[in-house]
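Me: I would like to learn how to read the features of a protein model. Please take me through this one.

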Amino acid sequence: MFPDNVYDIDELSPDDRTLFAQKYRKYLHHIAQAAIWTTYIYFAVRLFFVSTTPEQTWKMWIMLGVEGLFAHMSLNHQRLSLAATEKPPHQTPRKRLRSDKNLPRVDVLVTCCGEPIEIILDTVRAACCLDYPTSRFRVRLLDDGASNDLHDAIAKLTTKWPNLSYHTRGKQSGQSFAKAGNLNYALFSLQTEDPPEFCTVVDADSILMPEFLRATLPHLLADPKAALLTTRQYFYNLPRGDPLSQSRAYFYTCENAELNLLGHALDAGSGAVFRRDAILDAGGYPIYSFSEDWQLSLILRGLGMRTMQIQEVLQFGLVPTSLAGHLKQRNRWHIGHSQQISVLFPSVNKAIPEHLRWDIALGGLSIMAGLVSYSVGFVALPFLVSNGGFIPAGSALEVKVQVVLATVHVAATWAYDWARSAHAGVPFVPFAHAENSWLATGKFEDFYMSNEP
C-alpha cells in the first residue's frame, strides 16, 4: 500500500447537506437525550399507575404494551443519534483523486441475471466510460443468466473497450443467494491472477457517473482501516413525490449517515467500493442471506473494520415500476433480514467468529420484531381507543398526570424527528423512519398516475 502523500487528492468544499449537519449537530444531541429521558419517565409513571390501580383491566396492559412497541422503535433511533453525536465523527468530506500517476487498480464487477439486455449494456457502457486510465481498471460483466445474446453483445463492445470482459459460471437463475455466489466467483476464481487492489460492485441497472472512482477511492486510500465505502442510491425513474418511499431517503440521510459518523455505515445497494484483501479476509460475500451486501457490512464491523458512506450523486438506478415489483423487492429485503438467524447454524459461514454470529442473529431478530410491532400496534390501537378503559382513571389527578406526560413524551419525539430532519438537511413526513416497513407515506394515486402509459 502506498503512503497517503503519494496520491494527488483534493478536498472539496462541503455541500449544503454537510453544512446543515454541522449546524444542527448539538441540537440533535441534546434533543435526542431529552427524548430518551422523557420516554423513560413517561413509561415509569404509566407502569406505576397501571400496576397499582384498583380497577385494573387487560386493556390497560395491552395499551401499555402497544405504546411500548412504538416507543422502542423510536428509542433505537434516538440512541443511534445520541451515539453518533457524542464523539468526534469519522468525517467523510468530498474528495477527488487527481492525476493519473500511481493510481490503484480496480475491477468494476457488474452483476446480472436475466435483466433486459439493453439495460445491462447501458450499465456496462457507463462503467467503461469512467474517468480513470483504462490501463488501471477492468470492467467484468458477471452473467448468472448465461445469455448467448449478452455474450455476443459484450464481445462487440470489447473492440471499443479492451478492458471489458464477459464471464459466467453457468445459468444460476432462481438459485438462492446467487448474487453473493456470483461475486465470490469473481473474487476467488477470476482474480487469482493479477488481482486488483479495489473492487466496485454495480447492479445491472445502475449507471455510474464518470467521476465515480475519483470520488470514492480517496476515502479508502486515506484510511487503511476502511474496508468498504458505499454510495447513496439515486434513481432516474422515481415517481413524482416518491409515494412508496422507494428512494429510501430517510435511511441514507439519517440512519446510515449517523452510522457513518460511527464508522459503521451499511452497504445497502449498488455502487460499493471495497478493499479486496479485506473482503477476502472476511471470507467473501456471505451466502446465508438475500441481503448479502448488508450482511457483509455487519461482518466487517464485527471484525473491527471501518465502513463508510458518502452522499454524493455518483450513480442512478431503477426502482420497480409496479406495485407487485415493489412488494417483491421489499419482501426480499425482509426475508434477507430474517435469514440472519441462520448464522447460528454450524454449517453456515464457519469463518465468522461465534460472538459475531450472535450479534448478527439478534440484529435480524430485532428488525423482524420491529416489523411485527408496527403490524400489531396499528391493528390494536384503534380497537383500544374505540372501546375505552385503556388508561387508569382512579382520580382526576391520575388522568391529568398521564395526559400531561403523554403530551410531553410525544412532543419530545416529534422534536427529535424535526432535529434529525434538520441535521440531515432533508424534510421528512411523520413516520418516515418506517419507510421500509409499509407501502407508503403518501397517496398511492401519485404512484399510479406517474406510471400510466
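Me: Which residues are linked in a network of salt bridges?

Reply: A salt bridge is a side-chain nitrogen of Lys or Arg within 4 Å of a carboxyl oxygen of Asp or Glu. Here Arg105, Asp107, Arg138, Arg140 and Asp194 are linked in such a network. One of its pairs is Asp194 with Arg105, at 3.2 Å, N to O. Asp194 lies in the loop between α5 (178-190) and β6 (198-202), and Arg105 in the loop between β2 and β3, so the pair ties together parts that are 89 residues apart in sequence. Helices (H or I, at least four residues) and strands (E, at least two) are DSSP runs, numbered from the N terminus.

Me: What should I know about the model itself?

Reply: It is a predicted model: local features need pLDDT of at least 70, side-chain atom pairs count only at pLDDT 80 or more, and totals for chains, interfaces and linings use all residues. Residues are numbered from 1 along each chain as its sequence is written, and side-chain values use heavy atoms, with hydrogens and water left out.

Me: Are Asp194 and Arg105 buried or partly exposed?

Reply: Buried means under 20% relative accessible area, exposed over 50%, partly exposed in between (1.4 Å probe, protein chains only). Asp194 has 48% relative accessibility, so it counts as partly exposed. Arg105 has 16%, so it counts as buried.

Me: How many salt bridges does a search of the whole structure find?

Reply: The search finds 15. Among them is Glu312 with Arg96, at 2.7 Å, N to O. This pair links distant parts of the chain, 216 residues apart: Glu312 is in the loop between β10 (306-310) and β11 (315-316), Arg96 in strand β2 (residues 95-98). Both Glu312 and Arg96 are buried. Another salt bridge joins the side chains of Asp100 and Arg214, at 2.5 Å, N to O. Asp100 sits in the loop between β2 and β3 (106-112) and Arg214 in helix α6, 114 residues apart. Arg214 counts as buried because its relative accessibility is 8%.

Me: What does Ile154 touch, not counting residues up to four places away in sequence?

Reply: Contact means heavy atoms within 4.5 Å. On that count, Ile154 touches Leu121, Val124, Leu141, Leu164, Ser165 and Tyr166.

Me: Why is helix α9 described as largely enclosed by the rest of the structure?

Reply: Count its buried residues. In α9 (residues 292-302), 9 of the 11 residues are buried, so the helix is largely enclosed. Among these buried residues are Trp294, Leu296 and Ile299. After α9 comes Gly304, whose phi is positive, near 85°.

Me: Now the surface. Which residues make the nonpolar patch of about 390 Å²?

Reply: Patches are made of residues with over 30% relative accessible area and no salt bridge: like charges are joined within 9 Å, nonpolar side chains (Val, Leu, Ile, Met, Phe, Trp, Tyr) within 5 Å. Accessible areas come from the Shrake-Rupley method with a 1.4 Å probe; for residues, only the protein chains shown count as cover. This patch is made by Ile341, Trp358, Leu362 and Leu365. Ile341 is in the loop between α10 (323-338) and α11 (354-387). At 36% relative accessibility, Ile341 counts as partly exposed.

Me: Last, the whole fold. How many helices and strands are there?

Reply: The protein has 13 helices and 11 strands. Its radius of gyration is 24 Å, close to the 22 Å that the globule rule gives for 453 residues, so it is as compact as a globular protein of that length. The radius is taken over C-alpha atoms, and the rule is 2.2 Å times the number of residues to the power 0.38. Of the 453 residues, 51% count as buried.
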